[in-house]
Amino acid sequence: MGMGALRTVLALSVICAHGGGILGYDMATGRGAVQGFFMLSGFLMQLVLAEKYNPRSDMFLFYSNRALRIYPTYFLALLFAMMVSACLLPYSSGFFYDIRAALPALTPFDWIRIALSHIFILGQDVFVFEQFDTSSLHYTSAGVGNAAETLLLLPPAWSISLELSFYLLAPFLARLSTVWLLVIMAAAFSLRCLAWSNGLDYDPWTNRFFPFEIALFLGGMVSYRCRNFIIGALGSRGLRRIFPIALLGVLSVHPAVLAAMALHINVELIYLAFYGFVFCVLPGLFERSRSSKFDSFLGSFSFPVYLFHWPILLAYNAFAGTHQDIYQGTLRTIACTVITLAISYGVVILVELPLERIRSRRNQSGKPEAAGLAPVQLATTSSQL
């Protein structure tokens with residue numbers, strides 16, 4: 001197992017974070033999982049732009065294949081979320097119930113923004129920086145707890161919005177030298193440090209602001225460019241053990257964060273160490289799993305798990321309550337995980353795998369050399385969360 005299995009572990013970490021965890025344990029934490037995905041996506045986008053697409057002549061093919069990867073499953077999840085929300089109206093819960101409180105505050109322009117963001121996904125990340133009152137939507141400095149999340153059917157899609165922004169830039173970034181990528185990373189990190197020093201050290205600024213998070217996507221791209229050096233440093237023994245090492249590192253994030261808080265150590269140091277760890281393990285994970293159909297199949301679960309768990313969680317809360325003690329949180333997390341995996345299996349078989357075959361044929365069409373890229377295509381299946 002390798003990169004595909006890790007993607008699904010990260011998606012399950014998000015369920016833990018939203019559901020209450022297993023006895024309070026959140027695996028990679030929600031933040032760590034999403035930021036790990038940003039780095040993983042950067043690695044895979046650099047890979048496909050180097051080995052499957054020409055960043056200059058195949059831009060339309062690249063963008064259209066990304067759209068085929070994301071939008072069909074997203075729209076299916078959106079429809080599922082609408083159906084669940086309609087069923088939850090009698091229980092005073094769900095999107096359709098919550099949005100009634102926002103009706104007096106929303107202008108026609110706000111409705112247009114909400115509708116377009118649901119259709120195109122782009123722009124959903126902006127809502128985590130806003131709240132609504134009796135007049136309109138407006139910026140808030142209070143953090144995600146006061147954000148306009150009730151205006152979105154699938155609030156976790158804010159990270160897909162950031163991913164799409166990264167993808168739009170990816171063909172241009174792939175043409176830059178590694179030095180320029182490092183310069184942009186340094187600039188983004190400097191901006192993040194400046195924001196922290198001015199008090200913006202809380203969610204959403206810690207992991208949802210595009211100018212900061214692009215450094216992680218670029219870090220994944222640079223990791224791919226350093227793959228030969230990293231794989232050589234790992235050696236054959238390190239490669240054989242790379243997945244257990246990666247899994248242990250990912251599952252250690254939440255305990256490390258809790259320990260840092262208990263010792264009054266800045267948790268940002270834990271996340272910085274996590275970024276460095278992911279940077280180092282990505283090449284080895286890819287090398288170990290690049291020809292594994294089973295690992296590719298496991299990775300196919302990550303995107304539907306990430307999207308479908310939210311309406312399932314809302315339904316569970318409506319029927320079983322939102323109590324947050326450690327045991328009820330554990331039951332909620334386990335129940336939602338089992339149901340989400342079952343639904344995701346159907347989505348993978350009926351939607352994800354057929355679409356992957358279509359994308360594979362589109363890549364091979366008119367490119368005789370593409371036959372030699374089959375292992376790469378398998379390894380990059382479901383590259384988006």
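View A. Buried means a relative accessible area under 20%, exposed means over 50%, and partly exposed is in between, with a 1.4 Å probe and protein chains only. The structure is a predicted model, in which local features need pLDDT of at least 70 and side-chain atom pairs count only at pLDDT 80 or more, while totals for chains, interfaces and linings use all residues. Residues are numbered from 1 along each chain as its sequence is written, and side-chain values use heavy atoms, with hydrogens and water left out. The side chain of Arg69 meets that of Glu352 in a salt bridge, 2.8 Å from N to O. A salt bridge is a side-chain nitrogen of Lys or Arg within 4 Å of a carboxyl oxygen of Asp or Glu. Arg69 lies in helix H3 (residues 59-88) and Glu352 in helix H15 (residues 326-364), so the pair ties together parts that are 283 residues apart in sequence. Helices (H or I, at least four residues) are DSSP runs, numbered from the N terminus. Glu352 is buried as well, with a relative accessible area of 5%. In total, the structure holds 7 salt bridges.

**View C. Asp203 takes part in a salt bridge and in a cis peptide bond**. Asp203 forms the salt bridge with Arg208, and the closest N and O atoms are 2.7 Å apart. Arg208 is buried, at a relative accessible area of 11%, whereas Asp203 counts as partly exposed at 28%. The peptide bond that runs from Asp203 to Pro204 is cis, with omega near 20°. Pro204 is found in the loop between helix H7 (178-197) and helix H8 (210-225).

View D. Helix H5 (residues 108-120) gives the largest share of the patch, 4 residues. Ile112 lies in helix H5 and counts as partly exposed at 49% relative accessibility. Ile119 is also found in helix H5, and this residue is partly exposed, with a relative accessible area of 42%. Ile119 and Tyr74 are 45 residues apart along the chain, and their C-alpha atoms are separated by 9.6 Å.

**View E. Helix H1 packs with helix H14**. H1 (residues 3-19) and H14 (residues 302-320) pack at an angle of about 15°, and their axes are 8 Å apart. That makes the two helices, H1 and H14, roughly parallel. Axes are lines fitted to C-alpha atoms, for helices over the stretch in contact, and angles run from 0 to 180 degrees between N-to-C directions. Angles under 35 degrees count as roughly parallel, over 145 as roughly antiparallel, 65 to 115 as roughly perpendicular and the rest as oblique. The crossing of H1 and H14 is right-handed. A crossing is right-handed if the near helix is turned clockwise from the far one by less than a right angle, and left-handed if anticlockwise. Gly19 lies in H1 and counts as buried at 1% relative accessibility.

**View F. Helix H2 crosses helix H6**. The axes of H2 (residues 30-51) and H6 (residues 158-173) come within 11 Å and cross at roughly 25°. That makes H2 roughly parallel to H6. H2 passes H6 in a right-handed crossing.

**View G. Leu23 and Thr29 have positive phi values.** Leu23 is not a glycine, yet its phi is about 50°. Phi of Thr29, also a residue other than glycine, is near 70°. Leu23 lies in the loop between H1 and H2, and Thr29 is found in the loop between H1 and H2 too. Leu23 counts as exposed at 52% relative accessibility, whereas Thr29 counts as buried at 7%.
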